[in-house]
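Student: I have a structure open and would like to go through parts of it. Can we start with the side chains and then move on to strands?

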Amino acid sequence: MHIIPAPDLNIVRQLLQPAGLPIEDIGDNPLARFYLIEVDSKTAGVAGVELYATDALLRSLMVRPEYRGRGLAAQLVGHIQQAAAAQGAKALYLLTTDAAEYFKRLGFFAIARDAAPDSIRRTREFSHLCPDNATLLCRKL
């Protein structure tokens with residue numbers, strides 16, 4: 001198993017679309033980085049991060065069904081946390097409609113959407129792509 005930068009955003013889109021995750025804005029933010037996790041030279045999952053000064057947004061965590069239950073999502077989240085912190089982020093935010101409990105087990109905590117910093121509120125993910133009922137979670141880095 002290893003994590004590599006996604007060599008092409010089309011690969012990211014191809015992985016996310018069947019999972020029902022937003023792809024409309026992928027490529028819009030030049031500061032966004034996506035990473036693939038590979039098992040036996042096969043792409044098993046993807047996650048992204050968008051950096052906004054000291055705030056970061058975890059984007060589009062997805063592990064293919066046949067690779068779930070192996071801790072790969074947690075490894076991707078850990079990689080994203082390290083990458084964001086290395087670039088000066090102090091907090092990592094994410095929006096989810098169905099995985100809040102999973103992220104809480106990884107050290108995230110729910111916050112009110114109106115408590116989000118302006119940098120996160122201005123993202124397309126926050127303002128347009130995720131539904132209003134999505135839970136906003138945060139983890140200090």
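Student: Is Phe103 buried or exposed?

Tutor: This is a predicted model. In it, Phe103 is buried, with a relative accessible area of 6%.

Student: And Tyr102, what is its relative accessible area?

Tutor: Tyr102 has 25% and is partly exposed. The cut-off for buried is under 20%.

Student: How are the rings of Tyr102 and Phe103 arranged?

Tutor: Their centres are 5.4 Å apart and their planes are at 75°, so the pair is edge-to-face. Planes over 60 degrees apart count that way.

Student: Which angle do the planes of Phe103 and Phe108 make?

Tutor: The planes of Phe103 and Phe108 are at 80° with the ring centres 5.7 Å apart, so this pair is edge-to-face. Phe108 is buried, at 3% relative accessibility. Tyr102, Phe103 and Phe108 form one aromatic cluster.

Student: Where does Arg113 lie?

Tutor: Arg113 is over the face of Phe126, 4.4 Å from the ring centre.

Student: What joins E2 to E1?

Tutor: 4 bridges join them, and the two strands run antiparallel. Ile4 has Leu36 in E2 as its bridge partner.

Student: How many bridges join E2 to E3?

Tutor: There are 7 bridges between E2 and E3, and these strands run antiparallel. Glu38 stands opposite Thr43 in E3.

Student: What do E2 and E3 form?

Tutor: They form a hairpin with 2 residues between them. Asp40, in the turn, has a positive phi of about 50°.

Conventions: Residues numbered from 1 in each chain as written. Predicted model: local features only at pLDDT ≥ 70, side-chain atom pairs only at ≥ 80, totals over all residues. Heavy atoms only, no water. Phe/Tyr/Trp six-rings, centres within 6.5 Å; stacked < 30°, edge-to-face > 60°. Buried < 20%, exposed > 50% of the residue type's maximum accessible area, 1.4 Å probe, protein only. Lys NZ or Arg CZ within 6 Å of the ring centre and 35° of its normal. Pairing = 2+ DSSP bridges.
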